[in-house]
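Reader: I would like to learn how to read a fold feature by feature. Could you take me through one?

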Amino acid sequence: MVRHPDTPVTGRATMLRRLARWCLAPLPAPPVALRRGPLRPGVFRSRLRSTRLTGQLGVALGLMFGICFVTGLLSHLIQHPPGWFWWPARPVGLYRFTQGLHVATGLASIPLLGAKLWSVYPRLFSWPPVRSIAHAAERAGTGVLVAAALFLLVSGVLNVSRWYPAMPFFFTAGHYWVAWLAVGGLLVHIGVQLPAVRAALARPTDEPRQDGLNRRALLGGVAAASGLITLTTVGQTIRPLSGLAVLAPRHPGTGPQGLPVNRTADGAAVRAAALDPAYRLWVVGPGRRVGLDLAALYGLPQYTAELPIACVEGWSATGTWTGVRLRDLVALVGVDPRRSSALVESLQTGGRYRACTVPPEHLRDPLTLVALRLGGEPLHLDHGYPARLIAPNRPGVLQTKWISRITVPGTR
Ligand SMILES: Nc1nc2c(c(=O)[nH]1)N[C@H]1C(S)=C(S)[C@@H](COP(=O)(O)O)O[C@H]1N2
Ligand SMILES: [Mo]
């Protein structure tokens with residue numbers, strides 16, 4: 001191609017360069033008279049603050065947030081599975097582990113984030129407040145990251161402690177979308193800070209031995225605080241540590257039949273319907289429907305499975321459940337249980353957790369039960385009497401209680 005001599009050779013490159021120059025051009029500093037209070041030079045004098053300290057806290061926090069994000073994303077995908085997603089029915093306690101880890105890493109992050117914010121907050125008052133457009137953008141990005149991280153920890157703690165009135169939004173949606181904001185902000189933040197942090201971490205410490213609190217002691221204190229929070233809460237899901245779980249909102253082992261209750265029958269407004277002698281469990285297939293009363297349900301082959309309830313709130317507890325296999329019920333209406341999924345609905349007329357879908361991997365699993373008994377006794381009303389779903393490796397929100405109808409669309 002022959003170029004006209006007047007055509008700029010690198011038009012786009014020049015424009016980018018110009019844009020970059022414009023972004024980095026120093027902005028005029030505000031009048032010095034505004035430099036008051038915390039904006040004065042030398043106000044923050046703690047010698048404990050250093051890039052090394054901030055970097056070390058950042059690495060620990062990044063690790064915690066990374067685990068927390070991945071396990072949280074997994075929990076979201078299990079509850080709202082897109083077409084490409086697949087979640088196995090085994091090992092039975094995998095979700096119990098990943099969700100326990102999600103809540104534990106989130107809680108352990110609290111002292112880390114506190115210390116990290118303490119180590120950098122003097123930068124809020126750096127002078128001049130903005131040096132360039134690029135600097136302003138970087139500060140705004142850090143602001144979004146800090147706000148998102150605080151939001152995630154605060155809303156998570158409120159949810160775990162079941163303090164819903166304090167949340168004017170639907171927790172899972174807010175928590176989920178803000179997590180993406182935090183991860184985006186975190187990646188940009190790591191990109192910007194990595195060179196400085198690497199340099200500070202590689203350098204041998206030149207810190208003089210101090211008499212007072214030094215960096216190591218501070219880091220030790222933060223680690224101890226994180227460890228203490230973990231130790232006093234993780235017993236809500238690791239049974240041998242339950243004696244230490246003084247800060248956990250839920251103790252496994254409390255509640256009727258030795259198991260915590262998430263929503264009571266009265267809370268779900270199902271008491272009358274659940275105790276009604278005319279109760280039937282309906283199994284609805286493409287061409288056939290069967291209504292089973294309690295006698296019919298107890299007349300079917302009974303199986304027993306040892307399975308945990310693993311609540312998204314981070315507590316979990318194992319129960320010994322006895323009842324009918326879901327796949328046997330599905331077979332009653334002539335549907336092949338090896339390939340079908342099922343919609344399981346409760347007696348509740350409303351409420352977010354009144355129904356759930358059981359995908360094929362879980363439906364065909366011999367441990368997936370419509371449980372009638374817990375620990376050998378008929379289910380307590382609050383645990384889902386007369387019948388509840390209990391399946392391996394599923395979040396508690398998908399273990400529907402007081403079930404009244406199972407609908408199978410037929411083999412796909
Ligand atoms: N119908 C119905 N089933 C439900 C719920 C509900 O609100 N309604 N809550 C779920 C949640 S969040 C959990 S953790 C488990 C807890 O079961 P449990 O109360 O028997 O321990 O029940 C699940 N089943
Ligand atoms: Mo739950």
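Reader: Which residue stands opposite Ala 355 in S6?

Author: First, the ground rules. This is a predicted model, where local features need pLDDT of at least 70, side-chain atom pairs count only at pLDDT 80 or more, and totals for chains, interfaces and linings use all residues. Residues are numbered from 1 along each chain as its sequence is written, chains are lettered from A and ligands numbered from 1 in the order in which they are written, and side-chain values use heavy atoms, with hydrogens and water left out. Strands (E, at least two residues) and helices (H or I, at least four) are DSSP runs, numbered from the N terminus. Two strands pair if DSSP finds at least two bridges between them. Here, Glu 345 stands opposite Ala 355. Strand S5 (residues 342-346) and S6 run antiparallel, joined by four bridges.

Reader: What do S3 and S4 form?

Author: A hairpin, with five residues between the two strands. Gly 314 lies in the turn and has a positive phi of about 100°. Eight bridges join S3 (residues 303-310) to S4 (residues 316-325), and the two run antiparallel. Ala 310 faces Ser 316 across the pair.

Reader: Back to Glu 345. Which residue forms a salt bridge with Glu 345, its closest N and O atoms 3.3 Å apart?

Author: A salt bridge is a side-chain nitrogen of Lys or Arg within 4 Å of a carboxyl oxygen of Asp or Glu. The partner at 3.3 Å is Arg 354. Glu 345 counts as buried because its relative accessible area is 16%. Arg 354, at 22%, is partly exposed. Glu 345 also meets Arg 405 in a salt bridge, 3.9 Å from N to O. That pair links distant parts of the chain, with Arg 405 in strand S10 (residues 403-407) and Glu 345 in S5, 60 residues apart.

Reader: How many salt bridges does the structure hold?

Author: Seven. One of the pairs is Asp 365 with Arg 90, the closest N and O atoms being 2.9 Å apart. This pair too links distant parts of the chain, 275 residues apart. Asp 365 sits in the loop between helix H10 (360-363) and S7, and Arg 90 in the loop between H2 and helix H3 (94-120). Asp 365 is buried at 6%, whereas Arg 90 is partly exposed at 39%.

Reader: How many residues does the largest nonpolar core have?

Author: A nonpolar core is a set of buried Ala, Val, Leu, Ile, Met, Phe, Trp, Tyr and Cys residues joined through side-chain atoms within 4.5 Å. The largest here has 47 residues. Those with the most contacts inside it include Leu 281, Trp 321 and Val 370. Strand S7 (residues 369-374) gives the most to this core, with five residues. Another core, of 19 residues, lies apart from it, with Leu 48, Leu 53, Leu 57 and Ala 179 among them.

Key: Buried < 20%, exposed > 50% of the residue type's maximum accessible area, 1.4 Å probe, protein only.
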